[in-house]
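Welcome! Please take a moment to look over the sequence and the model below before reading on.

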Amino acid sequence: MNPYLILGVTREADDALIRRAYLAAVRAATPEGHPVRFQEISAAYEKIKDERSRHRHELFDCEAAGDSPVDAFLRHARTQARRAPLGFDAMKEFLRASSKS
Amino acid sequence: MPSPVPTASPSASAPSAHFAEQRVRTLLAEEKWRQARDELKALIKADRARFLPLLIQANMGLARKMLAGGQAAEARQVLSYLAAIAPPSELRALELELAMRSATPGQSLPQFFTALADPPAPLAEAERRQLADLLVMGFEPVAVPGTTPAQVGLAAELRAIHAALAALAAQQWSVVSEQLRLVSHRSALSHWTVFIKGVAAFHADDTDRAGQLFQALPPRTTPARAAQPYLVLLGDLSAAPASATFIASAPKPASAPSGGLPLLTEAVVDQVGRLIGAVGVAGTLLRAERHWREGGVAESYRATREGVPAFPSFEPDWVGALTEFYFKAPHTLTETSRAKLMSMFDGLLVGQRWKNPVESLFSYRMFSLVDAAIAPVEILRKDWEFFLVGRRALRGPNPQLESLAYGWLGEQLARSSRPPGFFPSAPVLRDAKGAVEVLQKSITLDPANLDAHLRLCGVYDALKETSERNRLLDTMTARFPDEKLVLLRAAESCLDRRAFVKGLAYLARARQLDQLDPRIPELTVSAHLQQARQQFQQGHAPKGRESVAEVAPWLTDRTEDFSRARWTSAVWLGVFERRWGDPTHAAAAEALARAGAPSRSTQLFFAHVAHRLSEKRGPCESPYLAEFKTALRADRSVGEILRLLRIGAYGCAQWEDLRPIAENRLLAEALGASLERPFTRADAVELLTRAGEDFGFERPLQRLVKKVLHADPLDPVFRLWEVTGGPQARFHLPPERHVLQPILDEAIRRRDEVTTRRVRAMLRDLDHPPLPPPPDGYDPVFDGSEAAEAAEEFLHPPGLPPELAPEYEELLEALRTASPADVRAIHETRLPEVPPEVFDVIVGIAKGGLGLPRPPAAPRKPVRPAPPTNQRGLF
């Protein structure tokens, strides 16, 4: 999984910003309350915590992003969708599309 | 697809009617209204009372689907037909729905309020919810159309639901709760509160609660449909309708784990996409998915490439996620699928048909990483450099990243491998010159890249370019004064070139950085002892004694720690004194060593090895050898032999040319005699590890294995040794699966991880496809001259390292003295791959006493007084 997405930072984020995002994320997902999410966050932080790690990740990371295209899409969506709810207009469109499905 | 239903008739049998009803009910459950209606039209002729309610249901579903799809006129036609077959009370909700779709929401609102709040006749629960959904989905500002308390209450609840949805979008969680409190549990809108709470829980990472709330939604309502993509994202795929027709016929995906993702419907994937702003991608994604699952990995990539304009992309969005997926997939795909995918990328690169720079960039990176171990070095280097050039063009220069990249390339080029051939030979680097070049480039790009320095140091070591290595180490100690690894490497280098004072200074600094690393005191002791040896040799015995005394703070009472035990330092002193110093001092040191050593034979064997290490000359001779042989005869036990073998291993670690062949022969004989005494399984296992591949130990180890298996016939360690042939393992065909499998089962049962791993690796090797059969007409029979040539080649193998000569001499010696039966046994066990004709010639040569002709002698170099440099350890 994309560690930047898990921590909610851009690729341009520096060490301090990434650390802040990491601390905020682990505060929200404590190891006791959300063990799986906590592991995901910790692993993501290890991958991009400093410049050297970020370079390593960009150059050599070979971890599978999914088992199939839809699986990769869903894994991405799982993290991305949680970050913020849809805006009101987008929510209306989403509900209208749901009612037609 | 269901098969066509035979036209029903009054004579249709009860079982077939029952079967047809079941199928129609399945179609209704799957919301395949039109299909269900068509089948029911035929069935109703047979049994009107039984099938009429189902026909009404199918038509109502169809009408609603038409309304949802904006086909109001068609829905009106269905409604007209329904008016003829269904009671008017059942159609009220549908009529209202039609009215709402046909008129503006403002015009139809009063009818809805009346129908929901003050219905002339009670509505069915499902119909109430359908109407409530339409009311909410209108998203109109609600003015109270009626005056009854029920209508006023409903309007307030509707406003609360809309306000809660708006607050949810604005992430005002407390407002969401406040608004939802205004909606009664008995309200027709109550299922909307459940949905909104579920969405809030989803975004609060409370996945359990979100899942429970979404699953509690009444089916076929808008909130239940809207909850499906959320449930999919929560991992609950059972909630999402899957494309059953595809799953039934789909082969196992190329890389999916068993029991993987069911193929979701386009509607669900579309809804998931909407949640992350990826609208209209479901069709492309499902096409790519189908190809992927059918093994068409390249077609899958092409479908995505053609269907998604921004693909492939560097961005951290869903397109970037798909890009990452495809370009990392070769690392996990099966061999066949990987070949297909990479062949497609190869075609794109060769034809320069890449869609955008990101595609070429990722392709070069993927080829480099996937083929790093097997690609020809020039291709690997070219691909990796293309990747770096592309990256620089796309994202700007980044010296640190490029330094890291070149460091990796240097590591790949510096990988060592053994040249192919029957006879083992020294490993060689893949591309030593290239490795040095790219590692130097890596260091130039980022002088703070410690890994690149250490790798380059290792390459110089492997190339035996000691002056370059020492120069580099001097630079490293200046650049990384506080890096323990650098200090240790520098200290080792100093010891190699006999710069003991400088080496000890590096070790002192390393100790300040890490007091617990055992390697630092080991090297310190080694440095002092080497210095002492040099001083003794140069005639400065008192200084030598002082140097030996310097090691005192680093010594331990652990008798098995041959580097730092008190008795071993006394042995060293005794060896130096006896060789270059004072015999009286030598006797005193030896007495001290004898008192501290675990046994007399241990002390004498260590002294023998220490003598050989300090002389660093070929033959197995020392003043201690005769006495050691006597002591060994008196002190034979498996534990003792094991300790002596450990000392031998310690000696080999200090000087790779020690080659204790004669010593091993002595130990092998002693082992044979010691097997009469009891020994532990742990000792036996260690013996197999330490001596299992030495020819001299073949017979005693066979006896040892037999004894262990006599007591425990299933012991997996010893069974494996027995079936692989011990020291002859490399000359044997691997055991067959039916032999290995029971050993694996037993190893797993006993939780013996080492043996389990070994046997699994052997089983994996068995799975490799066999070599192709020889071409037709190939006859492996040798005539006389061919046999002689083959024997000649066997005895004079091209490139036979001189150090293997003793092994061959030993083999010829065994053949020379063996009885005919033993000769046959040697052929079967040690040289089964040598054809009989060739073996006969070899035996003839051996019996003729010709021995192994020596390889041509290398021109002698002038002997330098100083011992060779670049040798690790003591001397």
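## About the model

This is a predicted model, in which local features need pLDDT of at least 70 and side-chain atom pairs count only at pLDDT 80 or more, while totals for chains, interfaces and linings use all residues. Residues are numbered from 1 along each chain as its sequence is written, chains are lettered from A and ligands numbered from 1 in the order in which they are written, and side-chain values use heavy atoms, with hydrogens and water left out.

## Chain B as a whole

Chain B has 43 helices and two strands. Here helices (H or I, at least four residues) and strands (E, at least two) are DSSP runs, numbered from the N terminus. Of the 875 residues in chain B, 49% are buried. Buried means under 20% relative accessible area, exposed means over 50%, and partly exposed lies in between (1.4 Å probe, protein chains only).

The accessible surface of chain B is about 42,600 Å², and carbon and sulfur atoms hold 55% of it. Such areas come from the Shrake-Rupley method with a 1.4 Å probe; for residues, only the protein chains shown count as cover. Contact means heavy atoms within 4.5 Å. Among the contacts in chain B between residues at least 6 apart in sequence, 60% join residues at least 24 apart.

## Where the two chains meet

The size of an interface is often given as the accessible area lost when the parts come together. Chain B and chain A bury about 5,700 Å² between them, with 65% of that on carbon and sulfur atoms. This buried area is the accessible area (1.4 Å probe) that two parts lose on being put together, summed over both. Chain B brings 75 residues to the contact and chain A brings 50 residues.

Six salt bridges cross the interface, a salt bridge being a side-chain nitrogen of Lys or Arg within 4 Å of a carboxyl oxygen of Asp or Glu. One of them pairs R391(B) with E58(A), whose closest N and O atoms are 2.4 Å apart.

## T323(B) and its surroundings

T323(B) sits in helix α17 (residues 318-328) of chain B. T323(B) counts as buried because its relative accessibility is 0%. The side chain of T323(B) reaches the backbone oxygen of V319(B) at 2.7 Å.

Beyond its neighbours within four places in sequence, T323(B) is in contact with F311(B), P312(B), S313(B) and F362(B). Two of these names come up again: the peptide bond from F311(B) to P312(B) is cis, with omega near -10°. P312(B) lies in the loop between α16 (297-307) and α17.

## Two positive phi angles

K464(B) is not a glycine, yet has a positive phi of about 60°. K464(B) belongs to the loop between α23 (450-463) and α24 (466-479), and is exposed, with a relative accessible area of 56%.

R498(B), also a residue other than glycine, has a positive phi near 65°. Its place is the loop between α25 (484-496) and α26 (500-513). With a relative accessible area of 23%, R498(B) is partly exposed.

## Y45(A) in chain A

Y45(A) is part of helix α3 (residues 35-48) of chain A, and its 9% relative accessibility makes it buried. Although Y45(A) and P3(A) are 42 residues apart in sequence, their C-alpha atoms are 6.9 Å apart in space. Leaving aside neighbours within four places in sequence, Y45(A) is in contact with L7(A), I18(A), R19(A) and Y22(A).

Key:
Polar contact = N/O pair within 3.5 Å; in protein donor to acceptor, adjacent residues only side chain to side chain.
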